[in-house]
Amino acid sequence: MKNIFVILIFTLNISMYGQDWKFDLEKSKKEAQKEQKQILLVFSGSDWCAPCIKLDREIWQSETFKKHSKQKLILLKVDFPKRKKNQLSEIQQSKNNALAEKYNANGYFPYVLLLDAKGKVLNQLGYKNLSPEDYIKAIYAK
């Protein structure tokens, strides 16, 4: 019984403080429209791109960003890992390739786009050596 309680508490903590990254643009647009939020589309090379890894560690995983994103954003990650153990399913890779063709034709990593609920680009940026608070401001600055 004690083990079940510990597992339950651990699971609740993960769901309360974890981020809810999406991996499908169409689902993200529907959710953004329903919740009246914008979409943060992040192109990442999660296992090879040093600035991508740093952005994840310093910004996306910060409590400041987690709190802000939960209230204001739908998070959409488009990952292009290189290591064999991190490879995506063929379906997900195909979706990511299509998003890259549409939104990241130059192949920038990391590449962060703010989209409206219909998928229109509102702002774009890459890695910036900023605090989480300043990075959030940069997401919205034009």
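How much accessible surface does the protein have, and what share of that surface belongs to carbon and sulfur atoms? The accessible surface comes to about 9100 Å², and 56% of it belongs to carbon and sulfur atoms. The model described here is predicted.

**Overall make-up**

The protein holds 6 helices and 5 strands. Along the sequence these elements follow the pattern α-β-α-β-α-α-β-α-β-β-α. Of the 142 residues in the protein, 40% are buried. Among contacts between residues at least 6 apart in sequence, 68% join residues at least 24 apart.

**The sheet**

An open sheet is formed by 5 strands in the order E1-E3-E2-E4-E5, and its pairing is mixed. Strands E1 and E5 stand at the edges with a single partner strand each, so one side of each has no neighbour in the sheet. Strands of a sheet pair through backbone hydrogen bonds, in either a parallel or an antiparallel way. E1 and E3 run parallel and are joined by 2 bridges. Lys22 stands opposite Leu76, a residue of E3.

Two of the helices that touch the sheet are described next. Helix H4 lies across E2 and E3, and runs at about 110 degrees to E3. Helix H5 packs on the sheet, where it touches E2, E3, E4 and E5. The direction of H5 makes about 105 degrees with that of E2.

| Helix | Residues | Angle and strand |
|---|---|---|
| H4 | residues 63-72 | about 110 degrees to E3 |
| H5 | residues 90-103 | about 105 degrees with E2 |

**A lysine in helix H2**

Lys29 is found in helix H2, which covers residues 25-35. Is Lys29 buried or exposed? Lys29 has a relative accessible area of 15%, and it counts as buried because that value is under 20%. Leaving aside neighbours within four places in sequence, Lys29 is in contact with Ile39, Ala117, Lys118 and Gly119.

**The disulfide**

How many disulfides does a search of the whole structure find? The search finds 1. This disulfide joins Cys49 to Cys52, with an S to S distance of 2.4 Å. A disulfide is a covalent bond between the sulfur atoms of two cysteines. The link of Cys49 and Cys52 is right-handed, with 70 degrees about the S-S bond. Cys49 and Cys52 are both buried.

Conventions. Residues are numbered from 1 along each chain as its sequence is written. This is a predicted model: local features need pLDDT of at least 70, side-chain atom pairs count only at pLDDT 80 or more; totals for chains, interfaces and linings use all residues. Side-chain values use heavy atoms; hydrogens and water are left out. Helices (H or I, at least four residues) and strands (E, at least two) are DSSP runs, numbered from the N terminus. Buried means under 20% relative accessible area, exposed over 50%, partly exposed in between (1.4 Å probe, protein chains only). Contact means heavy atoms within 4.5 Å. Accessible areas come from the Shrake-Rupley method with a 1.4 Å probe; for residues, only the protein chains shown count as cover. Two strands pair if DSSP finds at least two bridges between them. Axes are lines fitted to C-alpha atoms, for helices over the stretch in contact, and angles run from 0 to 180 degrees between N-to-C directions. A disulfide is a pair of cysteine sulfur atoms within 2.5 Å.
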